[in-house]
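Please open the model in your viewer and keep the selection panel at hand. The tour below goes from one selection to the next and says what is found at each stop.

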Number of protein chains: 2
Amino acid sequence: MPVNLVAPEAHSLLPVPGVELGIAKAHIRKPDRKDMLVIKLAEGARVSGVFTTNRFCAAPVTVCKQHLAAGHGIRALVVNTGNANAGTGEPGLQNARATCEALSGLLNIKSEQVLPFSTGVILEPLPMERLLAGLPQCVANLGEQHWFDAAEAIMTTDIVSKGASRQITLGGKTVTITGISKGSGMIHPNMATMLGYVATDAAISQAALEALIDHAVNRSFNCITVDGDTSTNDSFIVMATGQAGNAEISDVDSTEFQQLQDAITELSIELAQAIVRDGEGATKFMTIQVEAGKDVEECRKVAYAIAHSPLIKTAFFASDPNLGRILAAIGYAGIDDLDVNAMQLYLGNVLVAEHGGRAASYVEEQGAAVMQEAEITVRVVLNRGQANATVWTCDFSYDYVRINADYRS
Amino acid sequence: MPVNLVAPEAHSLLPVPGVELGIAKAHIRKPDRKDMLVIKLAEGARVSGVFTTNRFCAAPVTVCKQHLAAGHGIRALVVNTGNANAGTGEPGLQNARATCEALSGLLNIKSEQVLPFSTGVILEPLPMERLLAGLPQCVANLGEQHWFDAAEAIMTTDIVSKGASRQITLGGKTVTITGISKGSGMIHPNMATMLGYVATDAAISQAALEALIDHAVNRSFNCITVDGDTSTNDSFIVMATGQAGNAEISDVDSTEFQQLQDAITELSIELAQAIVRDGEGATKFMTIQVEAGKDVEECRKVAYAIAHSPLIKTAFFASDPNLGRILAAIGYAGIDDLDVNAMQLYLGNVLVAEHGGRAASYVEEQGAAVMQEAEITVRVVLNRGQANATVWTCDFSYDYVRINADYRS
């Protein structure tokens, strides 16, 4: 069951002026399930995206990058679940383009103004007939109120839908930010099997938007891992319609930029953490915090070594303070000159290890008490520099195996 | 259950002249279980070792390296299970040295002529009283015939014991090679939570022995992974007593060296594969073969990306030919300039993917048939060079979670 995560209330997802959403049940994978989403953007919206680093990136990812680069402005996004259109070669690219073409015809825009997204099974051809039949359904029910349904339409193995809103005031104008995300397995940064869409009505220049998305993604979606598998389809999109009436933000040193960046980053962290809380089979939410390293890179290495270790993840599932497994992971994280005698390891607030061994003050009952919590912080203090990094992950349970052994059957 | 692996027959493990083995039940972890082993070597034996690269290496590993470097010649090895003596700081080093000291007194040798090994729980102090009480028991029953018992004495979560023998003829003399190994979790190269001991009565120079062990370990124990966790205690030791009567081998280009190296490498592969076949919860034995890469390094990257993916391992557990997950792993393996359209993927002999997508000839029933086998080869042909690499691993089952969630309880 998801760890301290419930689906958003429908009314809590605030409409964003200039953003309409339409949903369809296209029967792509399962009957009678919302599985398609179209997002329509008002003219003049600015859009920026970050995509998977997987070399086997899916056809829609390739097309997204081309269409963003084409520079005609983005007016619509189309998402299907149930099929990833990945590992599908040239026919996959044709199908992604045909999807854009069909939607552009319905909306009377250019094909290059559409971004396509797919998530689901890899290596299967996209069922184009059902997908194309779903498009007019989506377009027929476009509306600004449909964020809740949109969050549900993009789910795959997710147990609960994920979405959140914020409002801030920029230069006297109320600005709304609403986002949705999906994903619960094949989760690893750069990027996870995740789709994330954040929209705002703030006015912001394209260059400032791109700076903002980098900042936000590096502190949110690029800090989560469920199983270390980097998906072929990950995409994170920020859309800004400019309809809030604020003066366009273009100076990245301005207060307004910082305010908007902070709000979107905070919302992105919430959406990213929701993916971990709903990690396949998750029973615990773990924060891995590595401090006082020489640089962020080595802090992340240590954090991911811990976050990816099946031995550690199963020990957390069992609520077993088997802390030796954490020391082992720190030891193989790849810092060649690490002085294991100089570092400290904390479980929650409990000092567990220092001077290369168990802390003299450590009492196993204290560790065991921390392990009973649903949310646990593992803190590693390397004591060799000023850099820090945080990674969020979940434990590894029987249900992870069950879910992934059964996924296609 | 172990995949096509049964314990060796007692009579199949041949004595090696100059090597005596003694076993004790020292109650270190569980009552009435063989958990200590002493190996005594005749004077003049040559010994070489390869150890974990984990920065949190265990105290006995540190002491082993010091004693090998001391150059007094090694006359005895002592192994305990149930406690790894890792993450134990300075007291752990003192305990490892005290163990060597005690055994050296019993055998009338120098303390620096003893190599200590521990495997089991990390971060717990070594129970010295029980361990020291076990030493005289081991010494009291030293004998050349005890390889079978020795293989059992070093087991931890292993289901079956692991050992094998070979005989070859070198310069007209019969040479015997016998080895044992242990390990089934926290298995990843450089090295795995594994202990491996191979003894031969061949006469070989120290320099030639060191060349040989590197060759053997890089083709055996450094090619296996169960869960990607590199242990704190891994050790692989080759011992050569020189009692076979062959002319001492010192030329690494000689036929005799090649013959001995081939035989020890082959035996090491058998012992290493046995660890994977007995991998925690394993139901499938997987060979990941990556061919035609630019260099061995990139072939190993791809092989390990596949071998470590929980999504792939659970799909194999489910006998589900979810080949898209393999493509995804190839894509995130870290080869930045990989042309995914140029490579081929085979499951067994079945061509599954090429030209960046599913092979036109592929029929899912063929993939499904291969997945039913207990031993499966995944073959990736990168088509960008001449290098190859092979990695052996196992699948990921409910039992892996159960074993690791329960390990300390």
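**A tour of the salt bridges and the axis**

Over all chains, the count comes to 30 salt bridges, and since this is a predicted model, each stop shows a computed feature.

Begin by selecting A:Arg379 and A:Glu291, whose side chains meet in a salt bridge with an N to O distance of 2.8 Å. A:Arg379 belongs to strand β14 (residues 375–381) of chain A and A:Glu291 to strand β10 (residues 285–293) of chain A, so the pair ties together parts that lie 88 residues apart in sequence. A:Glu291 is buried, at a relative accessible area of 17%, whereas A:Arg379 is partly exposed, at 24%.

Staying in chain A, select A:Lys294, A:Glu298, A:Asp337 and A:Arg384 together, which are linked in a network of salt bridges.

Next, select B:Glu124 and A:Arg358, a salt bridge in which the closest N and O atoms are 3.6 Å apart. This pair crosses between chains, from the loop between β5 (114–121) and α3 (128–140) of chain B to strand β13 (residues 357–358) of chain A. B:Glu124 is partly exposed at 23% relative accessibility, and A:Arg358 is partly exposed at 33%.

Within chain B, select B:Lys25 and B:Asp32, which form a salt bridge with the closest N and O atoms 3.0 Å apart; B:Lys25 is partly exposed at 34%, while B:Asp32 is exposed at 58%.

Finally, display both chains: a rotation of 180° with 0.0 Å of shift along its axis superposes chain B on chain A, with an RMSD of 0.0 Å, which is the relation of a two-fold axis. The same surface serves both copies, as 100% of the contact residues of chain B recur in chain A. To find the axis, select B:Tyr398, which of the residues of chain B comes closest to the rotation axis, at 2.8 Å (C-alpha).

Key: Residues numbered from 1 in each chain as written. Chains lettered and ligands numbered in written order. Predicted model: local features only at pLDDT ≥ 70, side-chain atom pairs only at ≥ 80, totals over all residues. Heavy atoms only, no water. Least-squares fit on C-alpha atoms with pLDDT ≥ 70 in both. Contact = heavy atoms within 4.5 Å. Salt bridge = Lys/Arg side-chain N within 4 Å of Asp/Glu carboxyl O. Helix = DSSP H or I, 4+ residues; strand = E, 2+ residues; numbered from the N terminus. Buried < 20%, exposed > 50% of the residue type's maximum accessible area, 1.4 Å probe, protein only.
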